[in-house]
Amino acid sequence: MNDLRLSGGNVYLEGAGLVDADLLLRSGQIAGIISPGESAEAQEALDVSGTWILPGAIDPHVHLGKDIRVPRDADDAERETASAVAGGITSMLVYLMSADSYHDEMEVADRAMASNSHANYGYHFVLGTNDHLDEMREYIEKGVSSFKFFMNFRGDEGKYLGLPGNDDSFLYRLLKRSAEQGAMVNPHPENIELVHMIRDSASPQNAEMNPLEAWNAARPPFVEAEAAQRVAYLAKATGASIYSVHTSSQEAVEALLRQRESYSNIFIETCTQYLTLDTSSPAGVYAKVNPPVRDSSDVEFLWRAFEEGQLDCIGSDHNARHRSNKEKDIFSASAGFPGLGGVLLLPLAHGLKRGVPLDSIVDAVSTRAAKLFGMYPQKGAIRVGADADLAIVDPNQPTVITADSQHSAAEYTPWEGTELPLSVRHTIVGGKFAVRDGQLTDEMSGSFIHRSRSGAAALKG
């Protein structure tokens, strides 16, 4: 006996697109993909006519916790994962940031996440000490095979997150060791010394600049591009896989692509804000983030790069800092904002309007992340035996993004009032409804995702 039959919808199958089929779910997995008229027993049959049944979206770039370092309390998990499933996100990878051993920090995070998460979750660890490097193999055995490195944390730059300063020699050793152990490094590429030079030479803000233009001028694209090119070159030198996070500009993408011409294990992430917001956004200081949102020309370039298959994944760089940390001038306000709930719907709405194929969008918001981070084929695809993690989208039912609809404890969204032509009708995590008929349920069945390989090692299977 199957638990659930989803009938009447168009099911997205990798390589085939949307097809008329019914799905059978049993014990948290996809038990069957059958023709609409085929007989099969199920405890419940749900008519989802007029919808697209997509593999649950995956956000590979999330920060949780009130200090964005580590989720420590139940509400750190519950509120933000509610935002995720409301937007069709069924799995997320959360960055843990500490100078201490991640053996202890992972236990803290697990206590917060277990039984309090609407969505599935895994971790990336931010590495910055020699002890971290020595423990990498143990971290991988715990199921964490991707590691972030803040290239901009020189001197005391990372002190606000409790992280030590670093240099390129540490980066080189990190890359080399990750290559040896089938892991991947996720660099935050910014040259902070150039940022300091710009800051110290003259304030970039003037009477003709709005706040977002001023922040873009303070951390211009070339400081991102220089660091991206440097880490990509070092990846080739060490044989490492890198996943360049939150790539925001034409210059940075082009720098990475130049290196990828001679070395393939360079993967590129962008975020919804860089595809949908620019320096003219009415969100103003609420859209402050590092790297900054860029000019409209960068937005257009990123869409062209996406359409040409040059970008791999779309994430959010979500964090839930409260709005009170944003309501200051652009140079005093905290960077970052909540974005989990838009990772599926915003690319669908903007991409389809631009004529981007649905296949490309589903790959970028689900399948590619599953493959790169060692979750495929259990995640990121609809196939028999895969986990029953599904986003059921109504392409004809509009929705409006508001802070309330995002559920985040941050209590704001840079996309406030944005109207989208489609919506999430149901979200299913592990075969259970996290969202049903557009309403969040009390179900919190999210579970830890153990990942033993990432990057090229994961792609090889």
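A: What follows is a short chat about this model, which is predicted.

Q: OK, sheets to start with. In what order do the strands of the open sheet of seven strands run?
A: The order is β3-β2-β7-β16-β19-β20-β21, and the pairing is mixed. At the edges are β3 (17-20) and β21 (439-440), each of which pairs on one side only.

Q: And how do β20 and β21 pair, parallel or antiparallel?
A: Antiparallel, over two bridges; β20 covers residues 432-436. Within this pair, Val435 stands opposite Leu440 of β21.

Q: Which strands does helix α1 lie across?
A: Helix α1, residues 74-86, lies across β19 (423-429), β20 and β21. Its direction is at about 120° to β19.

Q: Moving on to β8. How many of its residues are buried?
A: Six of the six, so strand β8 (residues 57-62) is largely enclosed by the rest of the structure. Buried here means under 20% relative accessible area.

Q: What about β8 and β9, parallel or antiparallel?
A: Parallel, over four bridges, with β9 spanning residues 89-97. One of the details there is that Ile58 has Ser91 in β9 as its bridge partner.

Q: New topic, pockets. How much space lies in the largest pocket?
A: About 660 Å³.

Q: Which residues lie nearest its centre?
A: Tyr160, Trp215, Arg219, Asn290 and Ala335 lie nearest the centre of the largest pocket, out of 32 residues in the lining.

Q: Where does the largest share of that lining come from?
A: From α6, with four residues. At least two lining residues come from each of β11 (146-150), α6 (192-201) and α7 (211-218).

Q: Asn290 again: what kind of peptide bond joins it to Pro291?
A: The bond from Asn290 to Pro291 is cis, with omega near -5°. Pro291 sits in the loop between α10 (272-276) and α11 (296-307).

Q: And which kind joins Tyr376 and Pro377?
A: That peptide bond is cis too, with omega about 5°. Pro377 is in the loop between α13 (358-372) and β16 (390-394). As noted above, β16 is one of the strands in the open sheet of seven.

Q: Another proline, Pro221. Is it buried or exposed?
A: Pro221 is buried because its relative accessible area is 14%, and the cut-off for buried is under 20%. Pro221 belongs to helix α8, residues 221-238.

Q: What does Pro221 touch?
A: Leaving out residues up to four places away in sequence, Pro221 touches Asn216, Ser249, Glu251 and Arg294.

Q: Last topic: phi. What is phi for Ser27?
A: Phi of Ser27 is near 55°, a positive value in a residue other than glycine. Ser27 lies in the loop between β4 (22-26) and β5 (29-34).

Q: Is Ser27 buried or exposed?
A: Ser27 counts as exposed, at 66% relative accessibility; the cut-off for exposed is over 50%.

Q: What about phi for His407?
A: His407 has a positive phi of about 65°, although it is not a glycine. His407 is in the loop between α14 (403-406) and β18 (419-420). With 23% relative accessibility, His407 counts as partly exposed.

Conventions
Residues are numbered from 1 along each chain as its sequence is written. This is a predicted model: local features need pLDDT of at least 70, side-chain atom pairs count only at pLDDT 80 or more; totals for chains, interfaces and linings use all residues. Side-chain values use heavy atoms; hydrogens and water are left out. Two strands pair if DSSP finds at least two bridges between them. Contact means heavy atoms within 4.5 Å. Axes are lines fitted to C-alpha atoms, for helices over the stretch in contact, and angles run from 0 to 180 degrees between N-to-C directions. Buried means under 20% relative accessible area, exposed over 50%, partly exposed in between (1.4 Å probe, protein chains only). On a 1 Å grid over the protein atoms alone, a cavity is a set of points where a 1.4 Å probe fits but cannot get out, and a pocket is an open set with protein on both sides within 12 Å along at least five of seven lines; lining residues have an atom within 4 Å of a point. Grid points are joined across faces, edges and corners, and a volume is the space filled by probe spheres set on the points.
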